[in-house]
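Colleague: I am new to reading protein models. Could you walk me through one, a feature at a time?

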Amino acid sequence: MKLACRDSLLDLSEPRVMGVLNVTPDSFSDGGLYSEVAAAVERGVTMAGEGAAIIDVGGESTRPGAIDVDFHEELARVVPVIEQLANRIAIPISIDTSKPEVMRAAIAAGASLVNDVRALRDAGALRVVADTGAGVCLMHMQAEPRTMQVAPAYDDVVADVRRFLAARIDACKAAGIGPQRICVDPGIGFGKRLEHNLALLAALDRLAEPAIPVLVGISRKSLVGIITDRPPGKRLAGSVAFAALAVMRGAAIIRAHDVAETVDAVKVASALRRVASGGG
Ligand code: 7PJ
């Protein structure tokens, strides 16, 4: 399996890790630590050295309750980081945004993958990805970050998410974005209770047709906190355990803050998955 991102083809024959690079002052786990450009760039270079296959740069917090960021401010945060990082690392850089203006500027600065928690539903977003040849991660979210954890409800969460992702894949294809450029994500914690998150993780191999890679972000999230009774800074072991299990369930890309540890867990799970699926 491969993911086409502009002029590069990301090899997903082995599962990969996407390193999270927040350049937001209010991200719940990094607390603005990397808000300064130089520090953010160094952090990205470090994650690439630790084995990340993608660096995901985000300038807008999507944590539950987060306030919308003005797009000028988001641009001012992410563009310099992407420009400098693109000169330092050879792996694809993704831009975590829903705003078409930010997507376009980030791609011009060197990003080749759009990671959109709104799955390109904002006006003009499909056009930017279609025009630029960027890859895209289509994520499911119920409601909006400000309200999504108030009362998440589904008839059948797996069927609902699968239907949503299939509709967004169709919208991409209609806009001229080929399936080789698309990966999908169930959006763990985005308008979901613990039981919804667990049902989706148990059904990762049923969320899309087998040729479409599945990306999952579990790192430090509240489901890990609920299960292990740990605050965000103490969720490494729980996050890494989930990463390994998500790979066993078919995940192609794991989005994580703790890259070195997650890379090891993903390698271990991948070795076992190969044997379990008869691949030797
Ligand atoms: C995700 C994301 C995720 C994708 C965030 C956090 C919250 N993008 N952006 N999937 N989560 N594709 O990192 O905890 O799960 S922001």
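Modeller: Gladly, and we start with a term: buried means under 20% relative accessible area, exposed over 50%, and partly exposed in between, using a 1.4 Å probe and protein chains only. Helices (H or I, at least four residues) and strands (E, at least two) are DSSP runs numbered from the N terminus. This is a predicted model, where local features need pLDDT of at least 70 and side-chain atom pairs count only at pLDDT 80 or more, while totals for chains, interfaces and linings use all residues. Residues are numbered from 1 along each chain as its sequence is written, and side-chain values use heavy atoms, with hydrogens and water left out.

Colleague: Which residues of H3 are buried?

Modeller: They are Pro100, Val102, Met103, Ala106, Ile107 and Ala109. An α-helix has 3.6 residues a turn, so residues three or four places apart point the same way.

Colleague: What do the buried residues of H3 pack against?

Modeller: Contact means heavy atoms within 4.5 Å. The buried residues of H3 pack against helix H2 (71-88), E5, strand E6 (113-116) and helix H4 (125-132). Just after H3, glycine 110 has a positive phi of about 130 degrees.

Colleague: Is lysine 99 buried or exposed?

Modeller: Lysine 99 is buried, at a relative accessible area of 14%. You will find lysine 99 in the loop between strand E5 (93-96) and helix H3 (100-109). Not counting residues up to four places away in sequence, lysine 99 touches Glu60, Val69, Phe71 and Glu74.

Colleague: How many residues surround the ligand?

Modeller: A residue is near a molecule if one of its heavy atoms lies within 4 Å of it. Twelve residues surround the ligand, and the closest are Thr62, Asn115, Asp185, Lys221 and Arg255. Strand E7 (135-139) and strand E9 (215-217) each supply at least two residues of this shell.

Colleague: Which distances should I look at there?

Modeller: Look for N or O atoms. A nitrogen atom of the ligand is 2.6 Å from an N or O atom in the side chain of aspartate 185, and an oxygen atom of the ligand is 2.8 Å from one in the side chain of arginine 255.

Colleague: And the nonpolar core?

Modeller: A nonpolar core is a set of buried Ala, Val, Leu, Ile, Met, Phe, Trp, Tyr and Cys residues joined through side-chain atoms within 4.5 Å. The largest one has 72 residues, and Val57, Ile82 and Val184 are among those that touch the most other members. Helix H5 (residues 157-175) gives the most to this core, with seven residues.

Terms used. A polar contact is a pair of N or O atoms within 3.5 Å; within protein, one must be able to donate a hydrogen and the other to accept it, and residues adjacent in sequence count only if both atoms are side-chain atoms.
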